[in-house]
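Visitor: I would like to learn how to read a model like this. Please start with the strands.

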Amino acid sequence: MVSAYAELEERMRGRLGGRECLHVPSCRFGLYLALRHWCAPGGRVLMSPVNDDVIFFVVLAAGLRPVQAPLNPLDGSIDIAAVPDSVWRGLSAVLTTNLYGNPDPAPELRARCDALGIPLLEDAAHAIGSRVGGRPVGTWGEASVFSLSKHTGAKTGGFLTIADPGLRTELAAARDELLHPARTTSELAYLVRPYAEATVRALRLVKAAHATLRLLGMEEREEIRMPLRADELKQALAAAPGLTPFHSWIRVDMHDYRLGAGPARLRRTDRLLAGLDTTLAVHRAGTERLAASEWGTCSERAGIQPLFRVPLLVDDRDAAIAALARRRIVTGYLYDPPLDTYAGELFTDPSPAPGPAAWFARHALPVDPRRATEVIGALDAAGVRPVQYDGDGDRG
């Protein structure tokens with residue numbers, strides 16, 4: 001198994017300029033490893049409030065207190081200048097999100113973390129092909145995590161990458177201790193999934209497609225956010241740090257997030273990762289076209305990236321989602337409301353400037369850049385209007 005991991009790790013190492021890579025079963029699992037290694041329980045971690053709630057629960061599982069950051073309303077990146085000095089001084093780490101592939105300001109965050117003597121941890125799940133400051137996203141922090149469920153479409157696996165190769169043995173041992181052994185039934189379900197999805201899509205059985213994903217444990221939310229279950233969460237916090245008390249939250253949409261990979265998964269993942277550059281070129285071309293549309297925005301700092309999803313800014317997102325649905329274009333990866341609104345002050349420190357994040361969460365329409373032409377046609381035909389940020393978090 002180690003040799004099979006090694007092949008994938010070497011391929012990813014080459015993409016990151018030789019940075020040490022450790023294969024993990026999922027991005028969320030790798031992030032938990034990183035948080036447990038670099039942050040003592042009871043610490044405070046600055047993170048984005050426009051983020052997957054699973055990541056929020058991973059931070060809690062590591063025994064840490066999430067601190068929600070103010071955001072740039074145009075791309076959802078961390079707004080460093082809006083973080084008060086009092087917040088910076090109380091942090092144990094900074095966790096980037098690189099939302100949809102738009103990079104957070106890693107060079108500036110690296111400098112700030114160095115001045116404070118705290119680690120920078122990068123969540124690069126959406127950003128396997130993105131760059132910032134002349135370097136790949138994921139090469140700025142003490143550690144970074146990547147997902148192979150996104151651009152590659154492997155639906156499994158990821159990497160924990162580390163700046164200090166001397167930590168590899170220790171982190172690999174921590175990984176192996178937390179892994180559940182590969183199961184034959186899980187491997188069979190993984191192999192069957194692409195064919196089941198393709199069949200229901202070909203038949204245009206939308207309800208059947210969702211039922212199939214639920215059966216495989218890959219789609220569970222009825223709403224954008226999963227139920228918080230505050231009373232149960234209080235009990236879990238009393239038992240932190242640990243994955244087991246938070247398992248029912250962290251496993252959502254990915255029941256095998258801590259399952260060891262069998263040979264079938266590894267072979268398919270390696271094949272898909274080998275073709276990543278071709279996939280990234282398609283994503284970059286679609287991103288460029290969508291960014292140039294009337295609903296698009298492009299960060300001058302980041303430039304055009306091969307985004308996993310392109311967040312178009314629309315006045316009425318529900319209407320836009322309905323317009324795309326009529327063309328059988330599914331909108332996903334919405335993160336609304338922001339985490340401080342979702343979880344409340346009992347479980348997180350709220351953002352000191354929540355308006356821009358709330359505005360972005362309400363107006364961002366993340367679309368697949370591979371379907372750029374269809375998306376533009378559908379939104380144009382439906383008369384979907386763009387929206388401009390007016391500076392105070394209200395509608396423009």
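Guide: Two strands pair if DSSP finds at least two bridges between them. Helices (H or I, at least four residues) and strands (E, at least two) are DSSP runs, numbered from the N terminus. This is a predicted model: local features need pLDDT of at least 70, side-chain atom pairs count only at pLDDT 80 or more, and totals for chains, interfaces and linings use all residues. Residues are numbered from 1 along each chain as its sequence is written, and side-chain values use heavy atoms, without hydrogens and water.

Visitor: In which sense do β2 and β3 pair?

Guide: Parallel: strand β2 (residues 44-47) and strand β3 (residues 65-68) share four bridges. Met47 faces Gln68 of β3. Between these strands the chain passes through α3, and the β-α-β crossover is right-handed. That term means that, with the strands pointing away from the viewer, the path from the first strand over the helix to the second runs clockwise.

Visitor: How many bridges join β2 to β4?

Guide: Two, and β2 runs parallel to β4 (residues 93-96). Leu46 has Val94 as its bridge partner there.

Visitor: How do I read an aromatic pair?

Guide: Use the distance of the centres and the angle of the planes. Rings of Phe, Tyr and Trp (its six-membered ring) pair if their centres lie within 6.5 Å; planes under 30 degrees apart are stacked, over 60 edge-to-face, the rest tilted. The structure holds seven such pairs. Phe57 and Tyr342 are edge-to-face, at 6.5 Å and 85°. They link distant parts of the chain, 285 residues apart: Phe57 is in helix α3 (residues 53-61), Tyr342 in helix α14 (residues 339-343). Both are buried. Buried means under 20% relative accessible area, exposed over 50%, partly exposed in between (1.4 Å probe, protein chains only).

Visitor: Why is the pair of Trp359 and Tyr389 edge-to-face?

Guide: Because the planes meet at 70°, with the centres 5.1 Å apart. Trp359 is buried at 0% relative accessibility, whereas Tyr389 is partly exposed at 24%.

Visitor: Which residues do ring pairs link into a cluster?

Guide: Phe56, Phe57, Phe246, Trp249 and Tyr342. Tyr342 also has the charged end of Arg225 over its ring, 5.6 Å from the centre. The criterion: NZ of Lys or CZ of Arg within 6 Å of the ring centre and within 35 degrees of the ring normal. Likewise, the charged end of Arg309 sits over the ring of Phe308, at 4.1 Å from its centre.
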